[in-house]
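Student: I would like to learn how to read a structure like this one. Could we take it feature by feature?

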Amino acid sequence: MARNISQSRRWGFTILAWGAALVIFFPILWTILTSFKTEADAIASPPKFLFFDWTVENYAEVQSRSPYFRHFMNSVIISVGSTLLGLVVAIPAAWSMAFQPGRRTKDLLMWMLSTKMMPAAGVLIPMYLMFRSFGLLDSRLGITVVLMLINLPIIVWMLYTYFREIPSEILEAARMDGASLRNEILHVLTPMAVPGIASTLLLNVILAWNEAFWTLNLTTSKAAPLTTFIASYSSPEGLFYAKLSAASTMAIAPILILGWFSQKQLVRGLTFGAVK
C-alpha cells in the first residue's frame, strides 16, 4: 500500500530537491557565465552575476588558438573506445562470476574494487616507462587501454550486479535447447541486460571523458583529449579565467548534452533489478 504524503510535504521535498540541484549545478552555471565575460569582469570583486558586458570573443580566441575539434575527436575515440573494450572483457567476466561463482569470487570482486583506491601517482613512473618502451606515449591506443583498465573494476561490478538479477533458469533453458556458451552470452544474456549494459556504457564514457591525470601525463598533442585542451589555458603568464571558462564550457558541453538526453536510460539502468 502506497504511503500517503501531504501536499505540504510534497512541496517541501520538491523545493529541497530543486535547492540541492541548484547547489550542485551552480559551479557549472558560473563557468558558463564567466565564459561570456571579459577578463576584467571575470576577476571583478564583488563578482558580477548577470549584469556585465556579454561577449563571445573568448570562444573565438579559443577556437583560433587551439584545434578544438581534434581534441574533441580524441576524447570521443578514447572514451567510447575504452568503454567498448572494457565491455568486451567485462561481460564474460561478469557472466562467470554471476552464474559460475567459485570460492574466491567475492574476494576477487573486492580485490578488483580495491584497485580503484590506489593513488594513480603511485604507478605513474612505471606506466610512463612502459609507454615509452612500447612507443605508446601520446597515442590513442595507449591511453584507450589505460582508461579501460582503470574503469574495468567498475564495469565488472556493475554488470555483475545486473546479471545477478537475471534468473539462472532462463540460461539453463537455453543450454537445454542446445545453445553454446557464446550464443548464451550473446543472444540470451546480453539482450536481457540491455538496460544495465547501456547505463554501464554511459557512466563509463563519462568517467573516461573526465579523466585528467593520465591524459595529462601520457599525451601531449596528437592524442590529447579535451582535458589537455583545458589545461593549456593555465600558463606561466597566469590564469585567464574567461578563456579558461570558455574552453571548459566547450569541453563539458558534449557530455552534458549526452547526459541530458540519456538520463532516463541511465536511471533505468542504475535501478535495474531494484524493484521486484
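Student: Which element supplies the largest share of the lining of the second largest pocket?
Tutor: Keep in mind that this is a predicted model. The largest share of that lining, 5 residues, comes from H7. Helix H7 covers 140–164. H5, H7 and helix H11 (213–218) each give at least two residues to the lining of the second largest pocket.

Student: What is the volume of the second largest pocket, and which lining residues are closest to its centre?
Tutor: The volume is about 460 Å³. The pocket is lined by 17 residues, and Thr115, Met118, Val123, Leu149 and Ile150 are the closest to the centre. By class, the lining of this pocket has 14 nonpolar, 1 polar and 2 charged residues.

Student: How many cavities of 30 Å³ or more does a search of the whole structure find?
Tutor: The search finds 1. The volume of the largest cavity is about 40 Å³. Its lining includes Ser75, Ile78, Ser79, Trp209 and Pro225. H4 and H10 are the elements that give two or more residues to this lining, and H4 gives the most, with 3 residues. The lining of the largest cavity divides into 5 nonpolar, 3 polar and 1 charged residues.

Student: Which residues touch the most other members of the largest nonpolar core?
Tutor: Start with the general idea. In soluble globular proteins, nonpolar side chains tend to be buried together. In this model, the largest nonpolar core has 28 residues, and those that touch the most other members are Ile91, Trp95, Phe99, Val156, Leu159, Phe163 and Leu189. Five helices each supply at least two residues of this core: H4 (68–99), H5 (105–114), H7 (140–164), H8 (168–176) and H9 (181–192). H7 gives the largest share of this core, 10 residues.

Student: What does isoleucine 91 touch, leaving out residues up to four places away in sequence?
Tutor: Isoleucine 91 touches Leu159, Phe163, Ile185, Thr190 and Ile197. There is also a second, separate core of 14 residues, with Tyr59, Val62, Trp209 and Leu226 among them.

Student: How far apart in space are alanine 21 and isoleucine 91?
Tutor: They are 34 Å apart, C-alpha to C-alpha, and 70 residues apart in sequence. Alanine 21 is in helix H1 (residues 7–34). Alanine 21 is described as partly exposed because its relative accessible area is 39%, and the range for that label lies between under 20% for buried and over 50% for exposed.

Student: How does the reach of helix H10 compare with the expected value, and which of its residues are buried?
Tutor: Helix H10 (residues 194–210) has 17 residues and spans 24 Å from first C-alpha to last, close to the 24 Å expected at 1.5 Å a residue. The buried residues of H10 include Pro195, Ile197, Leu202, Val205 and Trp209.

Student: What should I look for in the backbone?
Tutor: Most residues other than glycine have a negative phi, and most peptide bonds are trans. Aspartate 138 is not a glycine, yet has a positive phi of about 55 degrees.

Student: Where is aspartate 138, and is it buried or exposed?
Tutor: Aspartate 138 is in the loop between helix H6 (124–134) and H7. Aspartate 138 counts as buried because its relative accessible area is 11%, and the label applies under 20%.

Student: Which peptide bond is cis?
Tutor: The bond from serine 45 to proline 46 is cis, with omega near 0 degrees. Proline 46 is in the loop between helix H2 (39–42) and helix H3 (57–65).

Technical notes: Residues numbered from 1 in each chain as written. Predicted model: local features only at pLDDT ≥ 70, side-chain atom pairs only at ≥ 80, totals over all residues. Heavy atoms only, no water. Core = buried A, V, L, I, M, F, W, Y, C linked by side-chain atoms within 4.5 Å. Buried < 20%, exposed > 50% of the residue type's maximum accessible area, 1.4 Å probe, protein only. Helix = DSSP H or I, 4+ residues; strand = E, 2+ residues; numbered from the N terminus. Contact = heavy atoms within 4.5 Å. 1 Å grid on protein atoms, 1.4 Å probe; cavity = no way out; pocket = protein on both sides within 12 Å on 5 of 7 lines; lining within 4 Å. Points joined across faces, edges and corners; volume = space filled by probe spheres on them. Nonpolar A, V, L, I, M, F, W, Y, C, P; charged D, E, K, R; others polar. Expected span 1.5 Å × (residues − 1).
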